[in-house]
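Biologist: Before we turn to particular places in the chain, could you take me through the backbone and burial step by step?

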Amino acid sequence: MAPARSTRSAPLLSPRVIRTASPRNPPCVERSLPRAWLVIIEAPIGIKQNIPGRHSAMPDLYKVESHPQVSEEYAGDIYVIYGDLTKEGLNKLMENVGNIDPYGGAGFLKLDPEEKPALVFARNMYGPPGQADALKTFGLGPNQFTDEEKKARAALRDNILGAEEELTATETAFERSPRKVPAHVGARAYTIGPNHQHPRQLLQPAVGLKRTDEYIDDPHLKLCNDFTKVIGQSSVKALHSYVPAEALETLEAQVDSINMPRIGPHNNTTTPAFQLNMAAAVGPNESVTFTHVDPDTGETIEASEGISQLGAFGVIHIDGHDLTAGFTSMHMLSKDDSRVEEQLFFLVELGICWVLHGDCSYGFSGLHMHGGSAPVFKTAQPVNAPPYICITAVAYCPTHFFEGTSSWSFGAAPLKGKQKAAEVFRIAPEMQVWSHDSFFKERPFTNSPNMISDGLSIMDPEAYLDFMARGIVQFATYLILQAPAEVLVRLDRDAILAAISLVKDNQRIVAQPWPRGPGWSSKDCAEGPLSMETMEALKAATTWEHYRALQASDDSELRDLPFGNALLNGAIAEAYEALCRDGAAGIPVCALAEQEGGPVGGTAQKRRSIFKKSRAGGSSKSSETKTAQKKKAGTCAGKRKAEAEVADGPPAKRTRQHVTYDQDSECDSNTEPTTPLLQALELIEFEQLYKHLGTYVLELVGDDLDSWNGFLDAAESDKSEDVVALLGNAAAHLRFLKA
């Protein structure tokens with residue numbers, strides 16, 4: 001069932017005004033025409049603002065009494081920027097004001113939302129006719145937030161700062177957490193929420209938000225969660241108050257279609273990324289000259305104005321990845337302090353600056369040049385004076401969140417071979433954006449045969465359907481069990497199976513039930529309140545194990561069973577293992593190959609080794625005795641090392657040999673592997689093998705690691721004389737030794 005749409009208060013912008021151009025066909029044709037051919041649109045009817053020191057290249061500003069896009073209920077000021085906003089005009093604007101120094105405030109219209117809210121629109125004097133003015137920036141004053149909302153913002157601020165007696169100018173309670181991770185090195189700017197790894201095109205929660213079972217009640221995680229909720233709700237209120245409803249509905253439809261996560265409140269469809277900025281006030285005569293690193297070029301830049309403690313975020317900049325149709329919302333959390341000079345926030349090419357006040361919020365596009373002034377004390381402060389920390393919370397809208405061009409780090413993928421840590425499973429771009437072409441013309445394809453694409457070659461439709469549907473259940477169950485156990489996530493196995501179908505003989509059939517499968521039955525997933533017993537148990541739970549038992553079943557007698565399923569009580573596995581042991585006991589190679597703690601009947605590699613020794617007339621002694629084998633392997637290693645020392649010429653200039661080995665071959669006097677790779681491996685401990693050779697594999701063969709994983713499985717299972725032979729075989733197969 002589709003979730004109920006969130007109710008929102010009536011927007012202050014009138015829904016009667018509809019843009020003449022759709023988002024897919026913006027009115028850009030007129031901008032490419034000579035201006036002499038364009039119709040001049042009349043200036044706003046209002047008072048033209050005379051702003052001392054304003055650059056002549058900046059567009060004019062008019063204060064108007066009303067605006068067709070603003071509700072009559074609105075009680076703030078309205079301004080309209082009027083000028084040449086064609087491509088030619090914008091180029092001239094950037095050439096003239098792009099390097100302007102705004103920090104003195106001269107030439108900028110100063111707006112103070114604490115005194116009166118304000119809206120600023122922009123109108124292109126060259127049309128096209130009928131085009132609606134574009135909303136550029138807006139400010140909300142404290143009286144536009146409820147007492148409850150202001151109380152939540154104050155509590156968030158106090159939790160960020162911590163106890164007054166522990167607060168210093170350089171460190172808040174938030175910053176004392178070892179989990180904090182600056183967005184840029186050395187900056188007091190912290191990503192809270194998802195971040196984007198640009199080289200990998202990967203979206204994921206910020207690294208400091210990683211949850212582990214022992215961090216169920218971690219105060220830093222709770223603070224971050226409160227931050228996204230409170231600031232997310234403030235952002236929703238600000239944008240839903242002023243941004244046209246049509247634009248909000250378009251964005252909501254877009255993010256819903258690609259399953260963009262709602263960060264913070266559930267109705268936040270506009271600002272999925274969050275940042276916390278902090279800067280302590282400095283003395284009136286302190287120098288603010290500082291250096292910062294350009295995030296795009298890595299170049300070190302010196303600045304004499306701005307907020308040094310924010311690094312690259314403290315100077316005039318743009319947020320180049322932001323969505324062109326989106327708005328950033330900035331929220332001032334600090335209390336006003338009479339000791340501190342007025343703080344300003346600049347939108348450079350608009351010629352506007354906002355006065356920053358506690359409990360005020362501001363909206364603008366991060367693609368406009370913007371930046372703030374540093375907090376400065378009016379007079380020198382005593383040594384023991386309490387610090388003033390300016391705290392701003394920013395909610396913004398990176399493009400890659402909205403367009404499905406990056407992958408989401410969705411969950412841990414199953415381990416490969418003997419991996420200690422799993423890779424992540426990604427929701428890739430092709431899984432997010434479903435266009436006409438991707439549905440009708442493109443089928444996901446791999447050169448490797450697989451059961452979904454090719455299973456019908458060997459299965460009848462009913463078996464194929466059951467396998468595919470059950471595989472989806474297995475996959476989904478594996479992923480949801482990674483969710484925090486305390487929220488008792490469950491998956492209705494029966495419902496998923498019944499939802500997957502195919503057509504056979506002109507009749508649609510559904511997958512069959514799976515009583516022994518993972519996941520829960522429908523009765524375990526019924527919507528509604530928990531039983532009193534379960535609620536009491538949930539309240540008393542304190543550890544991951546307690547929560548997992550409650551997740552297993554609502555029935556207290558079944559909580560020690562996987563998914564509360566009596567069929568998964570271990571009897572199946574026990575009977576199966578007993579059957580295999582009975583079989584292995586009467587087979588010589590299995591009985592001799594088996595090791596304590598190893599697989600029943602030993603590994604395939606050890607079975608083959610015992611077989612070959614027997615065929616060669618050697619002893620078929622148990623694999624537990626390996627002293628002689630290791631000694632022989634060491635002798636061969638020494639022989640190879642000696643040969644390497646007397647080889648002619650440096651290793652880089654020797655002719656590489658394409659060497660292959662059988663996985664079960666012995667190291668004997670006829671084996672002469674003289675390749676640089678195997679010589680280097682003589683100096684590497686087995687525990688370092690994955691690191692050194694794994695990096696080599698990734699560089700040379702990319703993701704084609706099927707054979708490599710098989711090799712690692714075999715190498716891990718037997719660390720004796722076969723390792724060198726296995727390395728040689730894997731190296732040859734993966735073309736490491738290609739001349």
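Biologist: Is asparagine 259 buried or exposed?

Modeller: This is a predicted model, in which local features need pLDDT of at least 70, side-chain atom pairs count only at pLDDT 80 or more, and totals for chains, interfaces and linings use all residues. Residues are numbered from 1 along each chain as its sequence is written, and side-chain values use heavy atoms, with hydrogens and water left out. Buried means under 20% relative accessible area, exposed over 50%, and partly exposed in between, with a 1.4 Å probe and protein chains only. Asparagine 259 has a relative accessible area of 57%, so it is exposed.

Biologist: Where does asparagine 259 lie?

Modeller: Helices (H or I, at least four residues) and strands (E, at least two) are DSSP runs, numbered from the N terminus. Asparagine 259, which has a positive phi of about 60° although it is not a glycine, lies in the loop between helix 5 (245-258) and strand 10 (273-280).

Biologist: What is the relative accessible area of phenylalanine 563?

Modeller: Phenylalanine 563 also is not a glycine, yet has a positive phi of about 60°. It is found in the loop between helix 13 (544-552) and helix 14 (571-585). Phenylalanine 563 is buried, its relative accessible area being 15%.

Biologist: How far apart are the end C-alpha atoms of helix 16?

Modeller: The expected span of a helix is 1.5 Å times one less than its number of residues. For the 12 residues of helix 16 (residues 604-615) this should give 16 Å, and the end C-alpha atoms agree, being apart by 16 Å.
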